[in-house]
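Subject: Structure for you to look at

Hello,

Here is the structure I promised to pass on. Please open it first, then read my notes below with the model on your screen.

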Amino acid sequence: MLRKRAREEDNAVLIDMASLEPGNGSSYGSTAHAAEAGKQQVAPSRVGSPAQPPIDFVLVWEEDLRNQESPSQDKTDTHEIWRDTFLENLRLAGLNVDQHDVQDKATAVHYVLLRAPWAVLCYYAEDLRLKLPLQEFPNQASNWSATLLEWLGIPNILLEQVPDMPPEYYSCQFKASKLRWFLGSDNQDTFFTSTKRHQILFEILAKTQYGHEKKCFFGIDQLLAEGAFSAAFPLHDGPISAVPENSTQRQVLLQHWARWSKWCKYQPLDHVRRYFGEKVALYFAWLGFYTGWLLPAAVVGTVVFLVGCFLVFSDVPTLFMALWAVLFLEYWKRKNATLAYRWDCSDYEDIEERPRPQFAARAPMTALNPITGEDEPYFPEKRRVHRMLAGSVVLLMMVAVVIMCLVSIILYRAIMAVVVSKSENAFLSAWAPRIASLTGSVVNLVFIVILSKVYVVLAQVLTRWEMHRTQTAFEDAFTLKVFIFQFVNFYASPVYIAFFKGRFVGYPGNYHTLFGVRNEECAAGGCLIELAQELLVIMVGKQVINNVQEVLVPKLRGCWQKWYSRKRKAGTGTHPAPWEADYQLLPCEGLFHEYLEMVLQFGFVTIFVAACPLAPLFALLNNWVEIRLDARKFVCEYRRPVAERAQDIGIWFHILAGLTHLAVISNAFLLAFSSDFLPRAYYRWTRAPDLRGFLNFTLARAPSAFAAAHNRTCRYRAFRDDDGHYSQTYWTLLAIRLAFVIVFEHVVFSIGRLLDLLVPDIPESVEIKVKREYYLAKQALAENEALLGASGVKDDRLPSSESGPSSLGS
């Protein structure tokens, strides 16, 4: 049962919590009360007066000194008013605000350094329900492959001892009145880690107003979008150049994670989590897990490709990859549950996650949260559904644009094939269909890239308009919109080649046309070869483009910013301050594009593996590069992102599960309708086991009228009679194909369901640890309450039953 904590229980008040009590006229998420918190004295305790707080956040804006009388001066003045109001409100919220200016003859760069005093940190740590450590215990990180190799007595070349291993803690939500109960509370300088301080500062920045509230003039994100500030970021903990005897967390990550020479080593995920937060660490954990699982798939696909002299061999990986995808998802759920437990974020989305600051400011009403019992901003679900339906109409319009582009590429291929075939060059004339197909794939890739950029911006606008309560819900809605569009954008052409091309051609004397152009036909060997070509162009081409962009673009932009900064400081002879050095880095763009790239790759690997067994190998090679490339970007080239919490990879897991089911269906139809697997089996069973005469069996004769008109005999691939009608063999094979699809799907889905039942989502060892910790916490609270009740003494070092650990975890 939830109940409000009585104020008299808090006999060691650090901050005045009366401002949070209902009925005091305070609005949800206001930063006004932090000022009062900052003015109050710390209760008598072991802590002394701390030194100058570290720099928690940096705000930057640039000023052009040459165009003081430009037409845009009014906008510049407006930005100055907004900045002054915003910074003044930050001071009222209790922050220490310092300003440093660097200028030359043309430009002035203003750096605002923000520091949070101790009392303000305590106020927001409790308001945000941050979890802080109670007790330390040895790190229990484990890896199944390391455990297996150790049991077998085989040296593990992947294992590396990384220094400064982060400890694990039992933790619970911070209570200012129970400060002495938390680990490290005797040192104000180190009690809050840098990531916790950054989270608190970002919350303040996201809520602070700079104008009229009803006009949504609030938050650093809006100021960045308007151009009032150029950047807002937390500082890295030092330069990347390492000092052997005193390495920072950033330098440890560079030495043992972000180097190319570490491609064959385990990732130090606990170090990544400590420096960048759970959301970034979970991405790299998933990427490493996915890359490791690609290794057996790449081996099987490569072997099948090398021995694929017979067509039937190329169908082997279809069943294998379907089961591979199911097992991959099942074991990732177990891995995710283990990491969420160790990183203390198992119930983050259900209990701890608060409303987005943008949602809190724009919500028209408030309502009681049934889980936390707090009055929170509320947006009617019915209105949100209406907005989501309106957004889906825009999505359908963009999908229609993709379909139109696909039709235009189909026409391009047909016209190009005709034009090139009439060339006087014998080579070009003979390879006309292949040239048309290859150039069409390249044009399709260009369309894909352009449409992707346009739609991502549109999806961001629509998702903000839908008013999602939490950041997780916002990101899930945005991700789903973009992925549906990208799925159609990237997969439309391969799906057309796999399932539609060559199906509606007609026959000699009765060919079908599209806008007066004869429909495309498959080559003599079928459409699977062309499908493999299309997949390699799109998948490999996209990976090459992305990797080149991720390597060259940051380098060029970084060089430009460093050159610009050196030019500004020329002649001063001083080294850049830490905030200046970090401003020269690139802004972190988040994880959305990284996830999108990998999930689209997963779709290519699983959905069309029957046509391209080498797809897992290309994916494996790309991901080995991708892990270290992304690691180096985060450590060396990006400004430090604000550490965000997460308990899983979000809606991406559900998208992967959907792609897995789609892959089973797709490969079943590919085997049944796009390959000669079933016609060969049928011919072996009914005609000749050695396949003698099989080619003649697959060819039909043109109608006699067509042969007489052209004075030639014509054979074409189809199961038709001499009048152009479908033969009895066609209908028999159609029934066999449909039956095969049904049986294949049921077998694979049944095996997948059996595996789901046999492989628990949460490892038994994790369940036992969770239950054990809850039991120990309950016993400790019960014993202490009994002791305190008997002695008549109240101890601040122990939490009351209401403020105890809501989710103890490592």
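**The second largest cavity**

Helix α16 gives the most to the lining of the second largest cavity, with four residues. Before you go further, keep in mind that this is a predicted model.

How many cavities of 30 Å³ or more does the count give? The count comes to four. The second largest cavity holds about 60 Å³ of space. A word on the idea behind this: rolling a probe the size of a water molecule over the atoms shows where empty space is left.

Which helices each supply at least two residues of this lining? They are α14 (381-421), α16 (432-465) and α17 (471-499). By class, seven of the lining residues are nonpolar and three are polar. None is charged.

**The sheet**

Now move to the strands. Four of them make an open sheet in the order β2-β3-β1-β6. The pairing is antiparallel. Which strands sit at the edges? They are β2 (96-103) and β6 (231-233), and each pairs on one side only. On average, neighbouring strands of this sheet are turned by 20° against each other, direction ignored.

Take the β2 end of the order first. Strands β2 and β3 form a hairpin, with three residues between them. Eight bridges pair these two strands in the antiparallel sense. As an example, V97 stands opposite L114 in β3.

Then look at the β6 end. Strand β1 (residues 57-64) is joined to β6 by three bridges, and the two run antiparallel. Find V60 there: its bridge partner in β6 is A231.

Helix α6 (residues 194-207) touches β1 and β3 (107-115). The direction of α6 makes about 50° with that of β1.

**A pair of crossing helices**

Last, go to two helices further along the chain numbering. Two packed helices are described by the angle between their axes and the distance between the axes. Here the pair is α23 (residues 677-686) and α26 (residues 728-758). Their axes come within 10 Å and cross at roughly 115°. Is the crossing of α23 and α26 right-handed or left-handed? It is right-handed.

Which residues meet there? From α23 come F677, L678, P679 and Y682. From α26 come T729, T732, L733, I736, R737 and F740. By class, the contact of α23 with α26 has seven nonpolar residues, two polar ones and one charged one.

Best wishes

Definitions and conventions. Residues are numbered from 1 along each chain as its sequence is written. This is a predicted model: local features need pLDDT of at least 70, side-chain atom pairs count only at pLDDT 80 or more; totals for chains, interfaces and linings use all residues. Side-chain values use heavy atoms; hydrogens and water are left out. Axes are lines fitted to C-alpha atoms, for helices over the stretch in contact, and angles run from 0 to 180 degrees between N-to-C directions. A crossing is left-handed if the near helix is turned anticlockwise from the far one by less than a right angle, and right-handed if clockwise. Contact means heavy atoms within 4.5 Å. Ala, Val, Leu, Ile, Met, Phe, Trp, Tyr, Cys and Pro count as nonpolar, Asp, Glu, Lys and Arg as charged, and the others, Gly among them, as polar. On a 1 Å grid over the protein atoms alone, a cavity is a set of points where a 1.4 Å probe fits but cannot get out, and a pocket is an open set with protein on both sides within 12 Å along at least five of seven lines; lining residues have an atom within 4 Å of a point. Grid points are joined across faces, edges and corners, and a volume is the space filled by probe spheres set on the points. Two strands pair if DSSP finds at least two bridges between them.
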